Amino acid sequence: MSESEQYSRNTLMDFIDYRPLDIEICDVTLRDGEQTPGVVFTKEQKLAVASELDSMGVEVIEAGFPVVSACEKEIVKEIANQGYDSRICCLSRAVKGDVDAALDCDVDIVSIFIAMSDMHLKYKYHRTLEDMLGCAKEAIEYATDHGLNVRFAAEDASRTPIDRLKQAFKEVESEYKVQYVSLADTIGILNPTTTHYLVSEIFKSVNTSICIHCHDDLGMATANTLAAAEAGAKQLHTTVNGIGERAGNASLEEVLVALRVQYGIERYDTKKLTALSKMISEYSNITPSVNKAVVGQNTFTHESGIHVAAILEEPRTYELFLPEMVGGKRNLVVGKHTGTKALKGIINSIGLCLEREELCALIEKVKVCTEEKHKSISRDQLERLITQVRQEQKPSGSEKEKFSI
Ligand SMILES: CC(=O)SCCNC(=O)CCNC(=O)[C@H](O)C(C)(C)COP(=O)(O)OP(=O)(O)OC[C@H]1O[C@@H](n2cnc3c(N)ncnc32)[C@H](O)[C@@H]1OP(=O)(O)O
Ligand SMILES: O=C(O)CCC(=O)C(=O)O
């Protein structure tokens with residue numbers, strides 16, 4: 001089966017007027033993801049995750065924030081020296097010591113951030129915009145003078161007046177050679193329309209590639225990230241399983257699968273997504289909800305009779321993309337909503353065959369049993385019910401005409 005046969009393309013996109021995407025992924029699981037309360041990755045874990053991200057084709061890995069601790073710094077340095085195809089980035093405040101730490105780590109890119117919103121200037125820094133922008137410029141100059149590629153990141157950009165962002169970015173890009181300017185929706189206030197507007201406005205006024213960093217406080221991080229890409233953002237920030245501060249970040253698996261289904265971008269090795277998700281669940285002690293897109297336990301789990309009957313003929317009837325595209329597995333469940341065709345298919349798949357009357361009797365038992373127990377039926381229970389039905393049907397069964405369904 002070819003790659004494009006593994007999913008249904010959103011053909012409505014053919015009618016939408018959007019800027020052709022020119023994107024790369026910067027995965028920030030090892031930095032913003034680790035800022036999830038209670039999450040601390042070990043060096044071995046961070047190296048394992050970085051290696052997977054690299055082998056999937058993720059262009060940039062944000063490996064950490066070196067000044068957080070000596071151990072963090074050592075890990076960032078080790079990741080930067082693995083010789084990955086992915087470029088390695090780390091975070092830095094607009095502080096010389098932070099840039100020195102980045103330099104010590106041999107990273108390719110340093111992300112120097114300041115907030116320029118009134119809220120952050122007043123309550124966090126207690127300093128003026130001019131002061132903070134001055135600090136940013138000094139740090140950027142120091143970093144570029146020492147040969148680092150720089151991302152100038154505007155924290156809380158979504159609550160910063162657009163003219164202020166434009167002015168700051170223009171000044172910085174005219175005075176220094178920065179590789180990226182970054183827009184962070186730090187508190188997750190944006191929606192797709194406002195994200196598109198913000199990115200379009202910045203796109204019109206700068207010559208530097210734009211990054212978008214979205215948080216999921218309103219459940220819109222992935223949608224906002226894609227809206228930003230349509231408006232011209234180059235670098236899309238993600239985390240595996242969407243972990244990160246508060247409600248987390250745009251999730252890597254959602255963004256990569258959406259890039260494929262919506263925009264036909266197939267270059268990332270999405271087959272690794274399920275294993276990578278399990279790795280992060282284990283390392284972070286956070287299991288994605290069962291209905292989490294792409295990697296949740298229910299992504300390829302089906303119970304409804306009408307769905308399962310169709311899936312047995314052609315899975316794409318009810319699956320946007322097939323499990324093999326993301327390294328997942330389909331699971332057909334017997335429960336209250338099971339129909340006859342589905343039950344027959346599931347029974348056949350475990351190597352059993354029932355007569356029509358047996359199947360009808362079994363489905364009755366399944367419905368009663370699931371309504372009594374308020375849950376679906378396990379494989380063992382199903383086999384026990386089959387045995388029961390066969391025994392009950394035996395005496396009269398031999399005399400009756402038997403149909404195969
Ligand atoms: C939106 C984001 O995700 S931003 C990244 C958030 N990540 C983290 O905070 C990582 C974990 N943090 C830490 O380990 C620590 O807070 C450290 C190592 C970064 C700093 O620790 P400390 O030196 O003890 O400082 P503390 O956390 O108390 O305060 C932060 C200081 O950085 C300053 N600061 C914050 N952001 C910036 C910035 N972008 N540029 C310059 N200074 C900044 C604050 O104003 C404050 O300065 P002050 O001490 O003069 O008041
Ligand atoms: O924009 C960035 O690259 C980082 C900023 C960030 O982590 C945030 O504001 O949430």
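This is a short talk on one predicted protein chain and the two ligands modelled with it.

Some ground rules. The model is predicted, and local features need pLDDT of at least 70, side-chain atom pairs count only at pLDDT 80 or more, while totals for chains, interfaces and linings use all residues. Residues are numbered from 1 along each chain as its sequence is written, with chains lettered from A and ligands numbered from 1 in the order in which they are written.

Let's start with the whole chain. Its secondary structure comes to 15 helices and 10 strands. Helices here are DSSP runs of H or I, at least four residues, strands are runs of E, at least two, and both are numbered from the N terminus. Along its principal axes, the C-alpha trace spans about 95 × 50 × 40 Å. Of the 405 residues, 43% count as buried. Buried means 20 or more other C-beta atoms within 10 Å of the residue's own, exposed means 12 or fewer, and partly exposed is in between, with C-beta atoms placed from the backbone.

Now contacts. Two residues are in contact if their C-beta atoms, placed from the backbone, lie within 7 Å. Take the contacts between residues at least 6 apart in sequence: 72% of them join residues at least 24 apart.

Next, domains. The assignment gives domain 1, residues 19-284, and domain 2, residues 301-397. Those bounds come from an automatic or database domain assignment. The domain centres, taken over C-alpha atoms, are separated by 46 Å. How many residues are in contact across the two domains? On the domain 1 side there are 9, and on the domain 2 side 6. On domain 1, the elements giving two or more residues to that side are α9 (252-263) and α10 (273-284). By class, this side has 4 nonpolar, 2 polar and 3 charged residues. For the classes, Ala, Val, Leu, Ile, Met, Phe, Trp, Tyr, Cys and Pro are nonpolar, Asp, Glu, Lys and Arg are charged, and the others, Gly among them, are polar.

Stay with α10 for a moment. S284 lies in this helix. Is S284 buried or exposed? It is buried, because 20 other C-beta atoms lie within 10 Å. Leaving out residues up to four places away in sequence, S284 touches T36, V39 and I243. Y180 is 104 residues from S284 along the chain, and their C-alpha atoms are 30 Å apart.

On to the ligands. A residue counts as near a molecule if its C-beta atom, placed from the backbone, lies within 6 Å of it. Ligand 1 has 15 residues around it, and the closest are V68, R93, A94, F113 and I114. Strand β4 and helix α4 (118-125) each supply at least two residues of that shell. It divides into 9 nonpolar, 2 polar and 4 charged.

Which residues surround ligand 2? They are D32, S111, F113, A153, E155, S182, A184, T186, H213 and H215. Three strands each supply at least two of the shell residues: β4 (109-115), β5 (149-155) and β6 (180-185).

Now a helix pair. Two packed helices are described by the angle between their axes and the distance between the axes. The axes of α13 (340-349) and α14 (356-373) come within 10 Å and cross at roughly 105°. Axes are lines fitted to C-alpha atoms, for helices over the stretch in contact, and angles run from 0 to 180 degrees between N-to-C directions. So α13 and α14 are roughly perpendicular, the term for 65 to 115 degrees; under 35 is roughly parallel, over 145 roughly antiparallel, and the rest oblique. T340, L343 and K344 of α13 meet L359, L362 and I363 of α14. By class, that contact has 4 nonpolar, 1 polar and 1 charged residues. In α13, A342, L343 and K344 are buried. The buried residues of α13 pack against α11 (305-313) and α14. Just after α13, G351 takes a positive phi of about 85°.

Last topic: backbone angles. Most residues other than glycine have a negative phi. N241 has a positive phi, near 65°. R246 has one too, about 50°. N241 lies in the loop between β8 (235-238) and α9, and R246 is placed in the loop between β8 and α9 as well. N241 counts as buried, because it has 30 C-beta neighbours inside 10 Å. R246 is partly exposed, with 14 other C-beta atoms within 10 Å.
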